[in-house]
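Good morning, and thank you for coming. I would like to walk you through one structure, with particular attention to the contacts made by its side chains.

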Amino acid sequence: MNKIVRRTTGSLLCALFISFIIQNAFCQSLTGKVQETGGSPLPGVNVLLLRNGDSTLVKSAVSDPSGAYALEDIGAGTYIVTASTVGYKTAYLPAITVSDKKEPIQLADFTMEPQATQLNEVAVKAKRPFVEQQTDRTVINVANSIISSGGTALEVLEKAPGVAIDRQTDQVQLRGKEGVIVQIDGKQTYLSMADVVAMLRSMPSDNIDQIELITNPSARYDAAGNSGIINIKLKKKSEGPQASAGTNGMLTLTGGTGKYGRQRGSIQLNHRIQKANFFGSYGINNDKNYWDFTNERVQPNKPGAEQTRVSQESFVRQRDFSQNAKVGIDYFLGKSTTLGVVWTGFWTNSYEKSPAKASFRELQDGPEYLRTLTQKSLTNLFSNQIGNVNFQHTFAKRKGGANQLTADFDLGHFTRDFKNSLTTQTLFPQTPAAPLTGLFTHMPVEIDIVAGKVDYTLFLSTDWKMETGLKSSSVRSDNAMSLSEGLAGNLVPNDSLSNHFRYKEQINAAYASFSGKLGKKTDVLIGLRAERTHSVGRSLTLGTLVKRDYLNLFPSLFISRAMSASQALTFSYSYRIDRPSYQTLNPARSFVDPYFFSVGNPYLKPQLTHSLELKHAFQNKIFTSFGAGFTDDLIFFSNRPVNETVLDRFPENFGKSQAYNLTLSFPVQVSEGWTMQMSLLGVYSRFQYEYLGRRDRVEQFSGRLNGSGAFILGKGWTAEINGWINTPETVALRHFDWKGTLDAGVQKTFSPRLKARLSIQDIFHTNRSLAVLDNPELKSTTTIRTDSRVALLNLSWSFGNQKLKAARQRKMGSDEEIKRAN
């Protein structure tokens, strides 16, 4: 099969390369700016280049934060340029004729006039939508969102269409599938998904500009992530050596409460001199929260009895104190060359304290034969530090565009110190009460990551370009878990349950992709990525050694065709891999309470997914897509009865899954001047698996509806509303009930520099998790409620030169590794 793929791909690439050589026409570039009537730059505006006469769509662009846009690779001819965005009248430029000259053309500025109407004597105007659909991705515009201000990155992410957070297992799903790669500014965070969720839970949303959902990444991206990529883009401005000098920044303070209080703050600074830009940010978060946890389960009983009924209750009080910082410099060696250095750090100190009650019966209404009370105390300190050196050089412009070379070198160090203390008192049947027993787990973790990559973009002709690159990463993980148990105050190390696990992994990758036009209306991108993985997992305690060495090829294909001036059709395909996290491979036990523990599986294989999507865009407003994913060696965490009282959570390659999704995104006119952006997702999933020696198949339908809208009330007042609802769904063995939430907020702008926002998250306190597990060996119902109904007041103040250009957006070489570290 691999030989066939290699021969077919080689033939396609050869045919494409020959077609590149015969392309000789030269294309121009058109640049311009978009501004409001007052002269302020207007970002996020859709700029369309239409052929004069039949209005056929030729090119499109979106204005950046400075209002600038560029239309590249434009052949000779006569065109019309239009600009449009929600809340403003569509603007047009006079027809322009492009000749064969090589100089770029500077177009006249667009000046956008707002659309306003009177509604009950209040001027209502539309605002940039919270959710924005683009051809290749969904964009969540977090910056300036009222309901997102003062919250956390996790709360914002949960509002995104197609994104679901499993609060019981701390997993992120995208369009009904796990295996998501979470990036920050194009790089991951060196954490397992559970730790990524913990970090996002403590990251202030005021540092975030946008969240991008990329369901079918190209060959340029790491092949990891069977359901796609979630990229969190922090607030930054455009870069460039011609930017003016000066200093600017923003200070944000947030306070609020649900059942417990929350305080957050952040500051961003930029200082620019002639050839260098210094930038930095610091954020602090002090949150208190709770988990109200209940579990009812039926599992096999001790010999001679039919079953055991277990009831567990726990009210967990949490406190997260976290800090994040970034310091860097971009040095402009010339107009075309930039050297950058950046260091990023995250620190979190989490603390949990809870009483946990457990009751055991043999019959539903029968007498208790065991009742216990456990006092739990958990601390989790982790730090994640990443250093990056980035080099970027743009060569002289030639046919089609300017070739570019970028290189990155990363060093990452992650530490985690996990301590979990359980003290259990048996209340029944012992009379008097038995002595207190204890269980103490200490798990220090260290991970070191070294990664480097080089990318090169080459314009082969006016219509075609090639992107190619190399990447190498090396990971070393050391996890020494010790477990002690016995009478409280006199715990003794248990060597049989302790484990020292070391893991090494080397991934070398290379890719090439070709993109260009077939005819006048069809754009094509075809790519191939090769990744070779070598790993060694060693348990020093158990004396086990697991080695893996494998090579995978990951093809990708994107075809987009303009059906008319108002319609476009895009097809995409990619083949992806999801490697297990480092801790998931660790065979050590980690106790949640005396009756439940998780254990890793060193023999886990990566899961592989074929992903396809067909998307239709109408007037750049209504988007419809149909997607399909086929996964082999599906990794699933199953709960297994150990004895009549104890369960474990064990990962294994479960079987296969198929997932089909239909997405529709469209605007709804609520009233004149007020438009809601709606997104409707439908999912059909099929799981084929073998569990406890029994083959089974599960099919299910589920759906999700998202709605968001923002509008301007006048006199500096704006308002915003956002809500979502999930239908019941089944993921392999686990079934989830209905859930949803509604958020609202208002904002007062006192000046361009000072804003105040008041928001209420989860107004009706409906965002709770209800999961049901039902199989012949175990029936379990788990309910989790958190402190999700919260009122927050947020103040933000901008200072300094607001026209100053800031730090560059960059992608680091350590892309896949950070998701899997623990």
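I shall begin with the chain as a whole and then turn to its charged, nonpolar and aromatic contacts.

First, a word on the basis of this talk: the model is predicted, local features need pLDDT of at least 70, side-chain atom pairs count only at pLDDT 80 or more, and totals for chains, interfaces and linings use all residues. Residues are numbered from 1 along each chain as its sequence is written, and side-chain values use heavy atoms, with hydrogens and water left out.

The chain has 4 helices and 46 strands. Here helices (H or I, at least four residues) and strands (E, at least two) are DSSP runs, numbered from the N terminus. Of the 822 residues in the chain, 54% are buried. Buried means under 20% relative accessible area, exposed means over 50%, and partly exposed lies in between, with a 1.4 Å probe and protein chains only. Contact means heavy atoms within 4.5 Å. Among contacts between residues at least 6 apart in sequence, 68% join residues at least 24 apart.

Let us turn to the charged pairs. A salt bridge is a side-chain nitrogen of Lys or Arg within 4 Å of a carboxyl oxygen of Asp or Glu. By this rule there are 15 salt bridges. One of them joins K453 to D408, with the closest N and O atoms 3.9 Å apart. K453 lies in strand β25 (residues 437-459) and D408 in strand β24 (residues 401-428), so this pair ties together parts that are 45 residues apart in sequence. K453 counts as buried because its relative accessibility is 11%, and D408 counts as buried at 6%. A network of salt bridges links D408, K453 and D455.

A salt bridge also joins E531 and R579, at 2.8 Å from N to O. This pair links distant parts of the chain: E531 is in strand β29 (residues 522-539), and R579 is in the loop between β31 (567-578) and β32 (589-593), 48 residues apart. Are these two residues buried or exposed? Both E531 and R579 are buried.

The salt bridge between D549 and R532 is likewise listed at 2.8 Å, N to O. D549 is partly exposed at 46% relative accessibility, and R532 is partly exposed at 35%.

I come now to the nonpolar interior. A nonpolar core is a set of buried Ala, Val, Leu, Ile, Met, Phe, Trp, Tyr and Cys residues joined through side-chain atoms within 4.5 Å. In soluble globular proteins, nonpolar side chains tend to be buried together. Which members of the largest core touch the most other members? Of its 53 residues, they are V163, V172, L200, I211, I230 and I232. Leaving aside neighbours within four places in sequence, I230 is in contact with residues including L157, V163, V172, V180 and I211. A second, separate core has 22 residues, among them A61, Y69, V81 and A91.

The aromatic residues form the next topic. Rings of Phe, Tyr and Trp (its six-membered ring) pair if their centres lie within 6.5 Å; planes under 30 degrees apart count as stacked, over 60 as edge-to-face and the rest as tilted. The structure holds 17 aromatic pairs. Y290 lies in strand β20 (residues 276-300) and F315 in strand β21 (residues 307-332), so the pair ties together parts 25 residues apart in sequence. Y290 is buried at 9% relative accessibility, whereas F315 is partly exposed at 29%.

F626, F630, Y660, Y684 and F701 form one aromatic cluster.

Charges also meet rings. A charge sits over a ring if NZ of Lys or CZ of Arg is within 6 Å of the ring centre and within 35 degrees of the ring normal. The charged end of R649 is placed over the ring of F637, 4.0 Å from its centre. For K259 and the ring of Y260, the distance to the centre is 5.9 Å.

Finally, a hairpin. Two strands pair if DSSP finds at least two bridges between them. Strands β26 (residues 464-487) and β27 (residues 490-493) pair in the antiparallel sense over 4 bridges. The bridge partner of E485 in β27 is V492. This hairpin has 2 residues between the strands, and G489 takes a positive phi near 85°.
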